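Please read this briefing alongside the sequence and the 3D view.

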Amino acid sequence: MKISIVIPVYNAEKTIKRLLDSIEMQTYKNYEIILINDGSTDNSEKILLENKTDKMQIISKKNEGVGKARKIGYENITGDLIFFCDSDDYLYNSLVLEKINNKFKNNEIDILMFDVLDINKKSREVVKCFSNKVEPGIHSVYEINNYFLFGPLFLKVFRKEKFSKDCFAEFNNFEDTYTTYKYLNNCSNFYYENDIYYIFDETANSQSLTKIKYVDKFIKTVDLIKMIYKESKLKESCCIST
């Protein structure tokens, strides 16, 4: 199966090559990378062009936020699976894409969820996708109502056939949680893998699209939270998460 890796990029000159290197070292080679340069003002675009391969597509645009950038990335993919990565993070090891392909190839699953290694200034710790222990394997999507579900998209891999443009919200906070719950409306099951696929580096880039937080922007997410609850079939989980 072809894996489409969608990466919004904003002022990531210090970190984007690390992510690209972690993808290039993958043992599984049936992938493409869609890079959306969202109006970077540093050397990000130069670095992308210097490291471009035939597996990459670079789209440069004015700065409109991570939600819009991901949507544009989605509109340009050609793969079967979608893996959203942030430009200041990277893949855990060289087997990640191979494991992803095997899980979807060998199981009839709608969405794959896994754990991440969170690096911050104080510690390195494993962040679970769910608040409580979930056994590895296939589960009914309605089981998610029993848990807090960690919202970021980088803990999940999606099937393109179940995705749609209306899964995106053009907000800068909580937009990934909206995408997650909107997509889950199209799912009957999920597969949880008790394994680390991804490294979330909180120390790397304070200017990244997913790390810029302002009070006024956060207040605007109240409307988005209401939208998530109204539109999701997993309302109990929405309440826990929000």
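Which residues of H5 are buried? The buried residues of H5 are Glu-175, Asp-176, Thr-177, Tyr-178, Thr-179, Thr-180, Tyr-181, Lys-182, Tyr-183 and Leu-184, where buried means under 20% relative accessible area, exposed means over 50% and partly exposed lies in between, with a 1.4 Å probe and protein chains only. The model is a predicted one, in which local features need pLDDT of at least 70 and side-chain atom pairs count only at pLDDT 80 or more, while totals for chains, interfaces and linings use all residues. Residues are numbered from 1 along each chain as its sequence is written, and side-chain values use heavy atoms, with hydrogens and water left out.

**The chain as a whole**

- The chain has seven helices and ten strands; helices (H or I, at least four residues) and strands (E, at least two) are DSSP runs, numbered from the N terminus.
- The radius of gyration of the chain is 17 Å, close to the 18 Å that the globule rule gives for 242 residues, so the chain is as compact as a globular protein of that length; this radius is taken over C-alpha atoms, and the rule is 2.2 Å times the number of residues to the power 0.38.
- Buried residues make up 55% of the 242 residues in the chain.
- The chain exposes about 10800 Å², of which carbon and sulfur atoms supply 48%, with areas taken from the Shrake-Rupley method with a 1.4 Å probe.
- Among contacts between residues at least 6 apart in sequence, 79% join residues at least 24 apart, contact meaning heavy atoms within 4.5 Å.

**Helices and their buried faces**

- In helix H1 (residues 16–24), the buried residues are Ile-16, Leu-19, Leu-20, Ser-22 and Ile-23.
- Seen down the axis of H1, these buried residues fall within an arc of 160 degrees, so they line one face of the helix; the arc is that of the directions from the helix axis to the C-beta atoms.
- The cover over the buried residues of H1 includes strand E1 (3–9), strand E2 (31–38), helix H2 (44–50), strand E3 (56–61) and strand E5 (90–91).
- In helix H4 (residues 96–106), Val-96, Leu-97, Ile-100, Asn-101, Lys-103 and Phe-104 are the buried residues.
- Those residues of H4 cover an arc of only 160 degrees around the axis, which puts them on the same side of the helix, whereas Lys-105 and Asn-106 are exposed on the other side of H4.
- Helix H5 (residues 175–184) is mostly covered, as ten of its ten residues are buried.

- Ser-4 is found in strand E1 and is buried, with a relative accessible area of 0%.
- Leaving aside neighbours within four places in sequence, Ser-4 is in contact with residues including Glu-32, Ile-77, Thr-78 and Phe-83.
- Val-6, which is also found in strand E1, is buried with a relative accessible area of 0%, and its contacts beyond four places in sequence include Ile-34, Arg-70, Tyr-74 and Cys-85.
- Val-6 and Asn-76 are 70 residues apart in sequence and 9.3 Å apart in space, C-alpha to C-alpha.
- Asn-11, found in the loop between E1 and H1, has a positive phi of about 50 degrees although it is not a glycine.

**Aromatic rings**

- Ring pairs link Tyr-74, Phe-84, Phe-158, Phe-163, Phe-168 and Tyr-183 into a cluster; rings of Phe, Tyr and Trp (its six-membered ring) pair if their centres lie within 6.5 Å, with planes under 30 degrees apart counted as stacked, over 60 as edge-to-face and the rest as tilted.
- By this rule the count comes to 18 aromatic pairs.
- The charged end of Lys-55 sits over the ring of Tyr-31, 4.8 Å from its centre, under a rule that asks for NZ of Lys or CZ of Arg within 6 Å of the ring centre and within 35 degrees of the ring normal.
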